[in-house]
Amino acid sequence: MHALVQYIQSYLDSDKTPGGAGNIFWATVYILLVFAGLSVAVIAMNWLERKILAHMQVRLGPMRVGPHGLLQPIADAIKLLLKEDIIPAEADAVVFWIAPFIVVLAAFTVFVVVPFGPTHAITDMNIGILFMLGVSSLSVLGIVTAGWASNSHYPLIGALRSSAQMVSYEVAMGLAVVSVILMTSLNEQSTGTLSMIGIVQAQLAQQEWFLFKFFPLGLIGFGIFAIAMVAETNRAPFDLPEAESELTAGFHTEYSGFRWSLFFLAEYSAMIAVSSIAVTLWLGGWLRPFPNLLVGPTWDLLFSLFPGITFLLLAAMCFFNTARMPKHPLFKVQTIGLAGFGAVLGLIGLILVLPAVRIRVTDIFWFSAKVAGFMYLYIWYRGTFPRYRFDQLMKVGWKVLLPTGLALLVLTALVGMRTELWAELQGVWRP
Amino acid sequence: MLHITTLHYLVLGAALFLLGVIGVLTRRNVVIVLMSIELILNAVNLNLVAFSRYWQGIHGPTALHGQVFAIFVITDAAAEAAVGLGILIAFFRNKETVNVDEVNLLKW
Amino acid sequence: MNPAGMIPAGTNPPVATPFFFYLLAAIMVVGGVMVITRKNAVHSAMALITTLLAQAALYLMLYAPFVAGVQIILYAGGIMVLFLFVIMLISIERAEKERQFNKQWLVGIVAAAALGGLFIAVYTTTTKGRALFPEGRMTYGETQNTQQIAALLFDRTAGQYMFAFEIASLLLLVAIIGAVVMAKKRI
């Protein structure tokens with residue numbers, strides 16, 4: 001028993017991730033935490049998407065189910081679980097059943113290497129970014145088999161279109177990622193790294209987010225990736241394969257109830273995963289803003305108070321809206337519920353202000369805040385842009401993003417090697 | 001049995017190779033024959049990477065020749081699958097069948 | 001201090017290596033058998049995907065993470081998507097009702113068994129009482145695997161495979177052009 005406690009505690013003062021230190025207990029704990037956090041994030045995304053889209057369209061969105069519709073995702077989940085499970089008559093039952101699991105598997109396995117902090121990843125593989133790109137490309141297989149197994153025309157065409165789109169934009173994503181990997185090799189040993197934690201540490205060592213590196217090359221790379229990642233996850237404005245007015249929901253037409261919720265879960269997880277890639281590669285991962293510009297203990301203290309202040313602000317908003325609730329006896333339960341929710345948020349905020357918690361949570365908070373910003377961008381795109389037609393979509397992927405990515409790669413390599421190239425041109429540097 | 005040596009990986013590679021050879025020799029569906037060829041190439045890759053690990057133990061941490069060879073084999077397999085499936089599509093467009101026995105236009 | 005991540009031979013590896021090896025080997029063999037015996041080509045393709053992913057995990061066990069990553073991206077995520085596209089574009093229902101195994105299946109299995117016998121004969125040879133691939137050497141970790149492979153490919157002094165790399169890219173270009181020309185309707 002004492003040996004078990006010893007084993008559990010032996011990890012706490014190590015400077016590696018649980019996978020790197022070989023500690024199975026903490027790796028399992030981290031996996032469960034990531035899984036729980038991802039589920040909470042998907043539920044929150046569901047509610048946020050409906051509310052934010054509604055407010056962008058000058059309407060209110062769900063208001064009935066809980067106070068301000070806060071319990072709407074739970075009602076949706078209960079409805080989906082209780083729905084009848086329909087399988088088309090001629091469909092291939094085994095493949096029909098496996099397809100959503102492939103997509104969910106691919107979307108969730110990606111989070112094994114996502115770095116929430118310098119030691120806060122489940123593991124830090126040597127091939128981190130390669131692993132993420134590869135496993136997220138496995139979801140194409142799930143979509144293709146889902147469309148085929150439905151044995152119906154709309155899903156088949158939707159699946160082929162969706163997978164063609166995903167494969168095309170993966171190329172552009174890969175080129176943007178490779179240009180960032182080139183930037184990580186600008187140290188004395190000239191060794192770059194594919195590991196996610198290594199990329200953020202390279203940004204820390206070079207004192208510059210890769211977004212601003214070799215201006216405007218980092219920005220163009222980020223732009224290519226930001227466009228490609230929206231197309232990769234089949235979201236607006238690239239959501240032709242699953243838009244309701246086009247192909248009656250595309251590859252998941254024949255899926256109902258629990259199986260459809262698996263696709264939905266996988267889509268939101270994939271969105272969070274590619275946003276994590278973008279945040280890690282260009283936006284400095286878990287680093288707080290302006291690590292080299294605003295230094296000093298006061299700035300450190302101010303930035304470390306951000307998590308607590310964010311939650312306290314959210315709690316204040318909840319209390320403000322509680323005061324604005326109609327004073328009708330039928331609204332009593334909702335008012336009490338909203339006040340309770342505000343109290344919970346305020347309690348979390350107060351806990352996050354404590355110094356002992358602050359230093360541990362700040363990395364995770366900044367990473368999550370940046371990913372949350374990307375989620376807002378996703379919802380904003382959905383509410384703003386009209387849909388691309390499929391041939392326009394493929395044209396953008398192959399004729400615009402791919403040449404730009406190639407040019408960006410060559411330019412990044414040239415600018416990164418400018419001192420060596422200049423020396424070699426002058427005949428000074430001998431190999 | 002319990003300590004995994006190089007020989008374990010070689011035996012597994014040989015088993016996969018045999019399965020691929022049986023698939024190539026006995027199936028009539030061209031697509032499944034192509035997939036059996038991929039199985040053969042994978043068995044070869046497993047052998048190469050197992051030998052790379054063995055070689056790394058003898059010649060130092062940077063002797064990863066087997067892994068580099070395996071990467072080239074994977075690249076080669078991709079090219080071959082693409083061309084093979086292109087031929088299959090061209091053939092299917094003419095004859096409407098994917099039966100290997102029907103590929104007999106050059107027979108006298 | 002363990003700079004190169006050296007693991008002395010004979011010590012226990014950190015995780016249950018025999019368990020995972022036998023599990024992955026079983027998945028691969030069962031997947032391989034399903035590839036060559038299924039009537040439905042899509043079922044065969046999915047069994048092959050399972051085999052490829054199990055093989056990627058075996059590469060991770062062999063401390064070859066880069067090859068595992070390449071396997072997942074290229075083989076499972078690229079080649080098998082190509083296979084699935086082609087299977088779906090050619091309507092293959094008629095092929096399911098035909099006879100699946102050709103007339104020479106017995107000869108094929110005998111030939112494969114002969115090859116298997118040859119493998120067994122080679123793998124169980126001992127020269128002067130020593131087995132074919134004796135153990136007892138230092139093994140290394142994989143924290144620098146990508147960088148070491150890159151050194152073998154690209155380094156000026158130590159790299160040997162630059163020419164092969166360029167030829168491989170030329171090969172891919174030829175394959176792309178060839179596949180497009182083959183599959184076009186009118187040249």
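The C-alpha centres of domain 1 and domain 2 of chain C lie 23 Å apart, where the domain bounds come from an automatic or database domain assignment. That assignment gives residues 13–95 as domain 1 of chain C and residues 143–187 as domain 2. The model is predicted, and local features need pLDDT of at least 70, side-chain atom pairs count only at pLDDT 80 or more, and totals for chains, interfaces and linings use all residues. Residues are numbered from 1 along each chain as its sequence is written, while chains are lettered from A and ligands numbered from 1 in the order in which they are written.

Chain C meets chain A through 21 of its own residues, which are in contact with 22 residues of chain A; two residues are in contact if their C-beta atoms, placed from the backbone, lie within 7 Å. On the chain C side, the elements that give two or more residues are α2 (41–61), α3 (65–89) and α6 (145–154), with helices (H or I, at least four residues) and strands (E, at least two) taken as DSSP runs numbered from the N terminus. The largest share of this side, 11 residues, comes from α3(C). By class, the side of chain C that touches chain A has 13 nonpolar, six polar and two charged residues, where Ala, Val, Leu, Ile, Met, Phe, Trp, Tyr, Cys and Pro count as nonpolar, Asp, Glu, Lys and Arg as charged, and the others, Gly among them, as polar.

Chain B has three helices and zero strands. Its radius of gyration is 18 Å, well over the 13 Å that the globule rule gives for 108 residues, so chain B is more spread out than a compact globule; the radius is taken over C-alpha atoms, and the rule is 2.2 Å times the number of residues to the power 0.38. Along the principal axes, the C-alpha atoms of chain B fill a box of roughly 55 × 30 × 25 Å.

Within chain B, B:V24 sits in helix α1 (residues 6–26) and counts as buried because it has 20 C-beta neighbours inside 10 Å. Leaving aside neighbours within four places in sequence, B:V24 is in contact with B:V33, B:S36 and B:I37.

Just after α18(A), A:G427 takes a positive phi of about 75 degrees.

Terms used. Buried ≥ 20, exposed ≤ 12 C-beta atoms within 10 Å, placed from the backbone.
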